[in-house]
Amino acid sequence: MSSHMAGLGLDKMKLGNPQSFLDQEEADDQQLLEPEAWRTYTERRNALREFLTSDLSPHLLKRHHARMQLLRKCSYYIEVLPKHLALGDQNPLVLPSAVFQLIDPWKFQRMKKVGTAQTKIQLLLLGDLLEQLDHGRAELDALLQSPDPRPFLADWALVERRLADVSAVMDSFLTMMVPGRLHVKHRLVSDVSAAKIPHIWLMLSTKMPVMFDRKESAAHQDWARLRWFVTIQPAASEQYELRFRLLDPRTQQECAQCGVIPVAACTFDVRNLLPNRSYKFTIKRAETSTLVYEPWRDSLTLQTKPGPLEGPTLSHSVR
């Protein structure tokens with residue numbers, strides 16, 4: 001039996017009572033097969049069933065799809081880290097903040113472009129690998145549901161190869177889920193005669209998406225309260241950028257019903273809106289010098305309550 005199947009637990013598989021999972025067609029097949037062939041058939045069939053209910057279960061694939069959707073909404077950043085940081089080293093030049101200041105700005109901008117391209121490629125590859133897992137499971141499940149014993153006997157080598165391929169795809173998918181290191185071809189730090197500059201690693205890091213709290217966000221007659229959150233709260237406070245605009249403005253003056261507001265909290269009141277009108281709000285993190293890719297931002301449309309036809313001059317206030 002192929003070594004690829006060692007991880008599937010064939011050496012530990014026990015027959016039990018085959019009739020507990022056989023339908024009538026399989027019972028008929030048992031009468032047509034020699035006892036040893038039937039034993040091999042049921043062992044291999046059980047091994048495939050175990051693989052599809054544990055290593056590649058529908059619940060697991062559903063979780064991977066949810067994780068993939070989340071990654072497509074995340075923000076991606078470059079982190080600057082010294083390659084070697086000796087324990088107890090007090091040299092301030094090896095600290096990430098100090099090293100970052102020594103990096104050539106032009107070279108760093110080039111590496112940001114590399115980071116953007118690498119992130120896009122990684123997300124595309126993850127999507128492709130997930131499709132392969134879906135297809136592989138459907139193909140193997142079809143073998144399991146078929147009453148034909150040949151895939152588990154004469155054609156078992158082909159099934160083993162397919163199982164190994166699907167397992168390799170799963171390994172690649174799990175490895176690629178974590179953003180990795182950026183490959184630097186040239187030195188990013190200019191020569192500094194006064195101190196020894198360490199080698200630098202550039203790593204891609206991920207931040208969870210910023211999303212509106214749709215239960216707590218609401219529009220009133222001439223103002224709206226917006227609340228948002230991050231799934232995993234950051235260690236330090238973050239700056240956000242809230243945008244809003246009136247949908248379908250009817251006059252030139254109504255076209256001024258829009259704006260970009262920097263916010264240092266997770267709630268904000270936009271006041272002096274027009275009554276009985278629809279507004280679109282979007283929220284994102286404030287852009288920083290280390291941001292390389294942000295493909296998505298959350299948006300929310302709210303309609304103010306009916307009131308006077310004329311609205312006052314636009315203004316904002318922090319709550």
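1. A polar contact is a pair of N or O atoms within 3.5 Å; within protein, one must be able to donate a hydrogen and the other to accept it. In this predicted model, the side chains of Ser205 and Glu79 make such a contact, at 3.3 Å.

2. Where does Ser205 sit? Ser205 belongs to strand E3, which covers residues 200-207. Its relative accessibility is 14%, so Ser205 counts as buried; the cut-off for buried is under 20%. Apart from neighbours within four places in sequence, Ser205 is in contact with Ser75, Tyr76, Tyr77 and Glu79.

3. Two packed helices are described by the angle between their axes and the distance between the axes. For H5 (residues 105-145) and H6 (residues 156-176), the angle is about 150° and the axes are 9 Å apart. H5 is therefore roughly antiparallel to H6, as angles over 145 degrees count as such. Their crossing is left-handed.

4. Which residues meet between H5 and H6? On the H5 side they include Leu125, Leu126, Leu129, Leu133, His135 and Gly136. On the H6 side, Val159, Leu163, Val166, Met170 and Phe173 are among them.

5. Confidence should be read alongside these points. The chain has a mean pLDDT of 82, with 75% of its residues at 70 or more. Over residues 1-22 pLDDT stays under 50, and the model has 34 contacts beyond four places in sequence for them. Residues 85-94 also stay under 50, with 13 such contacts.

How values were computed
Residues numbered from 1 in each chain as written. Predicted model: local features only at pLDDT ≥ 70, side-chain atom pairs only at ≥ 80, totals over all residues. Heavy atoms only, no water. Helix = DSSP H or I, 4+ residues; strand = E, 2+ residues; numbered from the N terminus. Buried < 20%, exposed > 50% of the residue type's maximum accessible area, 1.4 Å probe, protein only. Contact = heavy atoms within 4.5 Å. pLDDT = per-residue confidence, 0-100. Axes fitted to C-alpha atoms, helices over the stretch in contact; angles between N-to-C directions. Parallel < 35°, antiparallel > 145°, perpendicular 65-115°, else oblique. Left-handed = near helix turned anticlockwise from the far one by under 90°.
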